[in-house]
Amino acid sequence: MAAAAARFLLGSVHSRAAATAVALGTHGGPGGALLKGAAARRSGRAAQRRYAAHFTFQPDPVPTKYGPTQKMNLFQSVTSALDNTLASDPTAVIFGEDVAFGGVFRCTVGLRDKYGKDRVFNTPLCEQGIVGFGIGVAVAGATAIAEIQFADYIYPAFDQIVNEAAKYRYRSGNLFDCGNLTIRAPWGCVGHGSLYHSQSPEAFFAHCPGLKIVIPRSPVQAKGLLLSCIADKNPCIFFEPKILYRAAVEQVPTEPFHIPLSQAEVVLEGSDVTLVAWGTQVHVMREVATMAQEKLGVSCELIDLQTILPWDTDTVCKSVVKTGRLLISHEAPVTGGFAAEISARVQEECFLNLEAPIARVCGYDTPFPHIFEPFYIPDKWKCFDAVKRMINY
Amino acid sequence: MAAAGGFGALGRLGRHAVRRAAALRAATQPRLRAFRVSGAQLQQPFNTSEEKPQFPGASAEFVDQLEFIQPNVISGIPVYRVMSRQGQIINPSEDPQLSKETVLNFYQKMTLLNTMDRILYESQRQGRISFYMTNYGEEGTHIGSAAALDSNDLVFGQYREAGVLMYRGFPLDLFMAQCYANADDLGKGRQMPVHYGSKDLNFVTISSPLATQIPQAAGAAYAVKRENSNRAVICYFGEGAASEGDAHAGFNFSATLECPLIFFCRNNGYAISTPTNEQYRGDGIAARGPGYGMLSIRVDGNDVFAVYNATKEARRRAVAENQPFLIEAMTYRIGHHSTSDDSSAYRSVDEVNYWDKQDHPISRLRHYMTARGWWDEDEERTWRKQSRKLVMEAFEKAERRLKPRPDLLFTDVYNEITPTLTKQRDSMWRHLQQYKEHYPLDLYDK
């Protein structure tokens, strides 16, 4: 898979200095030297603007109810969750492509040394095999945590996920199940991931009863939600916004804790418009809420959906009953995207409360492009404009 | 699925990785050797001074002549057999020496399956069940392999392995309940007929998508290995299913991850209408095993003792050495693929008759028993009558039974019933209240 690509992607999400450090740290061969030179030559506003992120991460208040905390970025909080799991559950195993040396995104660093190579191991390069294997581990009663290197490469395992994992319990009358299976995969745009390192495939899986699909927005959410996925008695897909792996840093409890699945979180309270998003897009929407307040005097209520399937209808509908307006935004293409499901449901449940058409600001119905990414993504200006039009409707 | 662009950096990483791996290998080699007696060749330690290939991907010598490796398909891997078509033991040292009681049990399980097949096949023709798949000609592969396993060994199947369940004592009532999808069905009437499963008998529920069970079996075998409980996993599939990508995945994973697993391929010559020469061009399935570093054998699937011996030894070694084995049992699919298929559209009646009359696993075992004075015409007649009665009783009972409660349409989608599903269930009941005369409610449990 795309180990080297992964490092380039990571290097670019934050500062130029960090990108240089990554290049130096990983290789040190002629390629590394070239990269370093390129980084040194980059100066001036063009380079700066090219690498500006489309969002600003805002840490949540330090969680106090789960004991001591430590500063972690998102990949470290994933490692922490996996570490807690391997420590408490002797059956738990972690496997996938390149997880043994720590993973191309560093999510499994140190775990093989700590827990043994029979518990943290590489598989052959074959996604349908990884998920099929994980189902088998779970059917035998052990805890299986499978990694798919990029969400973009989960499709070879689509059959195992949709026809097998999702239907195991139902078709056997609950004689057998693979509820102990969790599939983790890096997800979402990353600045220049192009077609196959940027995708957000959650809607493909949202049409599949039997699965749970979860996407966190921050290190704290990532750890709490991942631990819930692993503990949950249903097969879960956990998508990790890879642009946040290093960019998002906050205080995360070191001990295990759970954030419930199928519960959306009201991140900001407001009265005029409801904004719904998940993953990185929650941070985009937070900025939109600030802009709407400052420039339009509009009060936005921001909801992080967190679980795509089965999703929290009640929290979203309750908010829309109050505000009368709804904007849903996701990176994935608009047609058949999960915003369509939310929109249809809210329209059914809140018809008498809606004061404007529900707006969807999403990716366009194209493959995810390389050099055109800044124009493709549903950034804060596109979302802000949608709020403005909705208020003036 | 590799993304381009990764290669340069991987190459650079590779050099360091090789040195590290070589050191690691030196340390772990003795233990690995003990673990896998004749498994995949381990690579040589890195040594630049020798005039030998140093490629990490294979352990081999240089040659100075251009020569392509020829596949050997004319004279393929030989077919292991223990008894002739007349039921005579060919090589006494290979005789498993099973007791009369054991052999009678083999015979009765094979014939009981055959009787059940005939009755359920007919019942489908009469529209009493929606679908059926017989096991004609493959009874020996099921019983011979099942008998060589421990009852704790986990079974993953395709759909033509009902004899394994029969051998493990799955009641006729439950076979019938599944086919009729009545209220006694352990699967709650959700799957098509012949999609059996039994938690108690360690037989994982069958699903229709072909070959999906193969990598799953590898995962289960890996988990079983970590339990250290002296268990193995067996995974059955047809030669057609072996063409699926999941077969490749399962073979390769089980070898690299050292899983105590027996792959059991039923090569019966056809995948629905597709003959094997349109399925593959190599020497069947067994020839693929060594390519994955897997010990492999081909057996006469109509010889229950050959199947038994091969499975017994594969099981013993799979558990002791934590490595997968591949058994390809050569058979012939005597029946139609399923009740939705008429096989005379693509093969001759003469061909089918040969296997039914001249080389059948049931008649071969009967020859063996008759020669020993363990079975005669009278016993045959009595058993036929008795087995028919047993099957008919279960059949009639299953037919009379109501279907499961319609509520069961909504449970087990998830471990818990979700709020959305609760709403949909309530909505269905409200609808049924109002329109009940349009639905077959009287056939279902209340």
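Tutor: The second largest cavity holds about 70 Å³ of space. A cavity here is a set of points on a 1 Å grid over the protein atoms alone where a 1.4 Å probe fits but cannot get out, and lining residues have an atom within 4 Å of a point; a volume is the space filled by probe spheres set on the points, which are joined across faces, edges and corners. Its lining includes Glu164(A), Tyr168(A) and Arg171(A), along with Phe156(B), Gly157(B), Val204(B), Thr205(B), Ser207(B), Pro209(B), Thr212(B), Gln213(B) and Gln216(B). Helix 9 (168-171) of chain A and helix 6 (213-227) of chain B are the elements that give two or more residues to this lining, helices being DSSP runs of H or I with at least four residues, numbered from the N terminus. By class, the lining has four nonpolar, six polar and two charged residues; Ala, Val, Leu, Ile, Met, Phe, Trp, Tyr, Cys and Pro count as nonpolar, Asp, Glu, Lys and Arg as charged, and the others, Gly among them, as polar.

The model is predicted: local features need pLDDT of at least 70, side-chain atom pairs count only at pLDDT 80 or more, and totals for chains, interfaces and linings use all residues. Residues are numbered from 1 along each chain as its sequence is written, chains are lettered from A and ligands numbered from 1 in the order in which they are written, and side-chain values use heavy atoms, with hydrogens and water left out.

Between the chains, the contact (heavy atoms within 4.5 Å) takes 62 residues from chain A and 54 from chain B.

Methods. On a 1 Å grid over the protein atoms alone, a cavity is a set of points where a 1.4 Å probe fits but cannot get out, and a pocket is an open set with protein on both sides within 12 Å along at least five of seven lines; lining residues have an atom within 4 Å of a point.
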